[in-house]
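Please keep the sequence and the model at hand while reading.

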Amino acid sequence: MPLPFLTADRALQADGRADPFPPPDHDPERWRRPYRPGPWRVGAAAVLLLLASFVLLSALIIALAGSPVGAAICAAVAMLVITLALRLVRVGVWVSARGLRQVNLLRTTTLPWSAVAAVHTVQQPVRWLGLPRTVQGQALRIERVRGEPLRTLLSDRNGDFLGRSETFERAADVLEAWASEYRRP
């Protein structure tokens, strides 16, 4: 069963590494994330979906008890939690031939390749699993032609790459390759 958020499934090169560019029959206009969501992100989404199932069960019990307003409130809360879980899985950097898209939990920023000045890996303090605590690590920095760089979303300590530094390096290399390919002066 193909899942649209698992866009990193593609042919491997001879050395076992994933090909940074899509196959020739791939639609270049389609947005894709060049890495898989990490276990911490998927686990957090699974816990949220489990919580939503309990809230939906309580909505059913409340509805059977005869309180439709309470059941509707519980169902609305469950839908909000489900939406949050799905959005959490979509968080990351997405690319296409049109540009680069940074999906945050509550906001999405899309830049055409002409507005991207540089994409590179830097050593800096990064947030550990998105929490306020910072540790020294590597981050993918996306600089704009005009204005401040995008907020750091990809780091080797976030929910996608914690404990998987080689995967972070591959994802950063792929994103840098996409930027150098499509960002032409």
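## Around G137 and D156

Apart from its neighbours within four places in sequence, G137 is in contact (heavy atoms within 4.5 Å) with V122, Q123, Q124, V126 and D156. G137 lies in strand 5, strands being DSSP runs of E with at least two residues and helices DSSP runs of H or I with at least four, both numbered from the N terminus. With a relative accessibility of 2%, G137 counts as buried, a word that stands for under 20% relative accessible area, whereas exposed stands for over 50% and partly exposed for the range in between (1.4 Å probe, protein chains only).

D156 belongs to the loop between strand 5 and helix 3 (165–182), and it also counts as buried, at 9% relative accessibility. Between G137 and D156 there are 19 residues in sequence and 6.3 Å in space, taken from C-alpha to C-alpha. Beyond the neighbours within four places in sequence, the contacts of D156 include V126, G137, Q138 and F168.

## Basis of the model

This is a predicted model, in which local features need pLDDT of at least 70 and side-chain atom pairs count only at pLDDT 80 or more, while totals for chains, interfaces and linings use all residues. Residues are numbered from 1 along each chain as its sequence is written, and side-chain values use heavy atoms, with hydrogens and water left out.

## Overall fold

The protein has three helices and five strands, which follow one another from the N terminus in the order α-α-β-β-β-β-β-α. Of the 185 residues in the protein, 38% are buried. Among contacts with a separation of 6 or more, 57% come from residues 24 or more positions apart.

## Salt bridges

How many salt bridges are there, by the rule of a side-chain nitrogen of Lys or Arg within 4 Å of a carboxyl oxygen of Asp or Glu? The count comes to three. In one of them D160 pairs with R41, with the closest N and O atoms 2.9 Å apart. This pair links distant parts of the chain, since D160 is in the loop between strand 5 and helix 3 and R41 is in helix 1 (residues 39–65), 119 residues apart. D160 is buried at 1% relative accessibility, and R41 is buried at 10%.

The side chains of D156 and R157 form another salt bridge, at 3.9 Å from N to O; R157 is partly exposed, with a relative accessible area of 27%. A salt bridge also joins the side chains of R141 and E143, at 3.6 Å from N to O, and here R141 is partly exposed at 30% relative accessibility, as is E143 at 26%.
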